[in-house]
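Hello,

Here is the structure I promised to pass on to you. Have a look at it first, and then read on for what I found in it.

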Amino acid sequence: MRAWVRQTAGLKKEKIDDHLDRIHEQQLRLKIVNDRGLSQLVTGLRAVLPDSRAVLENKYVLFASIQEAMRRVWQTELQEQQLAAGWMLSLGYCAELPAGMNRALTATLPASWYSLLNCGVHVMSESECAAKRDYAQASPVYELLGLTAGLNGKELSPADKKNAYRQSMTYGDWRQFGLDYLRDHLSLTLLGRVQRPPAFAIIHEADAVLLDEALTPVTVTEASPEESPSAIRAEMTAYQYITQYKKATGLTGPLGEGTEEISGWYKLSCVAIPSESGCRMEEDPERIFVTAQEKRSALVEEVAGRHASGQPVLIGIATLSEAVLLAERLREAELPFAALYPSGAADNAAWLKTAVREGAITLAASEAVGGIAAAPEEEADAPAGGLFVIAAEMHASARTLQRLKSCSGGPDTPGRFCKFLSLEDALIEERAEEEREMYKQSRKPIRKAEKEIRQLFDRLHASLHHASGRSRSRQIWFDEVVREQMQTVYSVRDELWLKERVLPLLDRYVQFGISEMKRLGSHSVQKDLEHLRKLVERSGSPTPEDRRGALHGVPGLLQIWGDIWHAVTADPAAAERLPLWRQTYMDMLDRYWAEHLDQMKDVRWSVEQHVYGKEDPAAVFQHAAYTLFQQMETARRKCFITWLLREELPSFLLSAKSEEPVPALERSRR
């Protein structure tokens, strides 16, 4: 009956159709339950969820409750493809949904399931506008079920952010989640943190975030003097952030070869959920032109004809220069159009909904197009002829081109797709200049060479796509090396946040520093050690006879310093100094880590720009990264120990001398 589900990524062991039947059975029983009873039923699942014997039955009840809540709130229900996608996400997969299916409502299924574990669920979008749209659609459903949802945004105060993160689900732009994570790890106290530890992430338009934005950094900076660039305090890429989660899943359109990248980079398996009726889209043969001007003239003429008939048109472009030129031609033809760019201030989601309306013309960056789906309360009639999508350029990413194509037709909306290409397009100009000149100078009519030119475009596009994939994979590997170092640094911060762990951690570093100084025979701190010795002698009892000989030379002085450190840290008065020690160490930790990130950028650039003979660039990078990290750790410990010797311990001893002898110090002398 549901053979299309059984074909899903070859998951023959998953009898998804049986699960869907059980969900529908549960929903029939829930139709007679009032809103309050539905809410009590869902919130009561938290108490029984740990019982593994009832997990499957509880999931049927939860999914059925969500279906029933949607019916009551939006007068709609999820289609079986959406239910299947939600089920697979709850198992930890990434699901590919056909174009035109509402992903915001689909995500309520796994989000609600994970929220019952009381760990917090982050529902991420590729932009703040998309997050607000998804939150507006999902929050009424959660409210009816007794679940809570928060909306994160850059305009929120720390208190408001903390409140948003305390809800069952938190919606927001992935960049804001990442920035909050970095700011939390720059906080000097636990009270300054807003997030809970990253547990579950559900990513809308997962291909955009996990692939297109994988190497995009989020950065926390601090103001610098005038005419100087802002200093970076912390930075990480989308890949480095997403991989911090215990479990990350996502919803996306067709992935194509992106499936392998997501699986390899994130260890996340992907499943394709086909449409029962198939995607009703027809693809026209590519239209080939000699010059870019001829291509634009034909494209505008095609758009004008479709517009006059009432058919909506979506024009996908890959470069800003082409967008400017096409926009100028559309204005000259007096054709009204809307522009859609990936980082524009406009609400792209709203533009996508208007793009399918009768006679609409939309000029869009291909990356900004993530599929057109109306909100549940705004289902529109299919326009005459469906959406006509034109690729005005061959995008470097095959997956982005596929995403653009998928907009032209969904399971219920027919459409057409066509590429308009010329021998002056950037792809040909940059990679096949000789072939281009050959075709332009040939006397053969262009239509007779169209087959050869199409093959040239396909060959160049495949070559560019694979080269881009190799480069991204290498960069991701570099990111993984830095991510492991970041985890090491942030684990130290985690220890410093816990009051009872501060002294053991600092003591460990002091003892390591003393050992290093002894090993190196460092004389650079001898003056500081002599100063400390004199402070000890002046503060009370004379040094015991059996230790006087040890006071001479660096090793003996270091031993005395170790005794002083232990005596000071054992004294109750040291508790008052702990916040200062922690803050000083954290400041040094952050400063040295920021400097290390700058060095790693230089190393990355060097590895990319130079050929190391037969050496593996990844091995060269890893060796350099390890060496620089060890140097950073050594320099940071030395900086802290020097501060203790020259400033903190002398200050502590002088303050103790002015009041009364330090009891623990007296005991150490005896």
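Residues are numbered from 1 along each chain as its sequence is written, and side-chain values use heavy atoms, with hydrogens and water left out.

Thr148 sits in the loop between helix 9 (128-145) and strand 3 (149-151). Helices (H or I, at least four residues) and strands (E, at least two) are DSSP runs, numbered from the N terminus. Beyond its neighbours within four places in sequence, Thr148 is in contact (heavy atoms within 4.5 Å) with Gln167, Ser168 and Met169. A polar atom of the Thr148 side chain lies 2.9 Å from the backbone nitrogen of Ser168.

Gln167 is 19 residues from Thr148 along the chain, and their C-alpha atoms are separated by 5.3 Å. Gln167 also lies in a loop, the one between helix 10 (158-165) and strand 4 (169-173). With a relative accessible area of 17%, Gln167 is buried. Setting aside neighbours within four places in sequence, Gln167 touches Thr148, Ala149, Gly150 and Arg196.

Next, have a look at strand 12 (residues 313-317), which is largely enclosed by the rest of the structure because five of its five residues are buried. Val313, Ile315 and Ile317 point one way from strand 12, Leu314 and Gly316 point the other way, and all are buried. In a regular strand the side chains alternate between the two faces of the sheet.

Which strands does strand 12 pair with? Strand 12 runs parallel to strand 14 (residues 361-365), with five bridges joining them, and parallel to strand 15 (residues 387-391), with four bridges. Two strands pair if DSSP finds at least two bridges between them. You can follow both pairings from Val313: its bridge partner in strand 14 is Ile361, and in strand 15 Val313 stands opposite Phe388.

Strand 15 is also largely enclosed by the rest of the structure, because five of its five residues are buried. Leu387, Val389 and Ala391 are buried on one side of strand 15, and Phe388 and Ile390 are buried on the other. Strand 15 is in turn joined by five bridges to strand 16 (residues 415-422), and these two run parallel. There, Ile390 stands opposite Cys418 of strand 16.

**Two helices**

Helix 8 (residues 108-115) is largely enclosed by the rest of the structure, because eight of its eight residues are buried. They are Thr108, Leu109, Pro110, Ala111, Ser112, Trp113, Tyr114 and Ser115.

In helix 3 (residues 35-43), the buried residues are Gly37, Leu38, Ser39 and Val42. Their cover includes helix 2 (16-30), helix 4 (45-48), helix 5 (55-74) and helix 9.

**The protein overall**

The protein has 27 helices and 16 strands, and 53% of its 670 residues count as buried. Among contacts between residues at least 6 apart in sequence, 77% join residues at least 24 apart.

**Where to take care**

The predictor's confidence in each residue is the pLDDT, from 0 to 100. The protein averages a pLDDT of 82, and 81% of the residues score at least 70. Among the elements, strand 3 has the highest mean pLDDT (97) and helix 27 (residues 663-669) the lowest (41).

For residues 371-375 pLDDT stays under 50, and the model has 18 contacts beyond four places in sequence for them. Residues 661-670 likewise stay under 50, with 23 such contacts in the model. Where pLDDT is low, the predicted coordinates should not be read in detail.

Enjoy exploring it!

Best wishes

Technical notes:
Predicted model: local features only at pLDDT ≥ 70, side-chain atom pairs only at ≥ 80, totals over all residues. Polar contact = N/O pair within 3.5 Å; in protein donor to acceptor, adjacent residues only side chain to side chain. Buried < 20%, exposed > 50% of the residue type's maximum accessible area, 1.4 Å probe, protein only.
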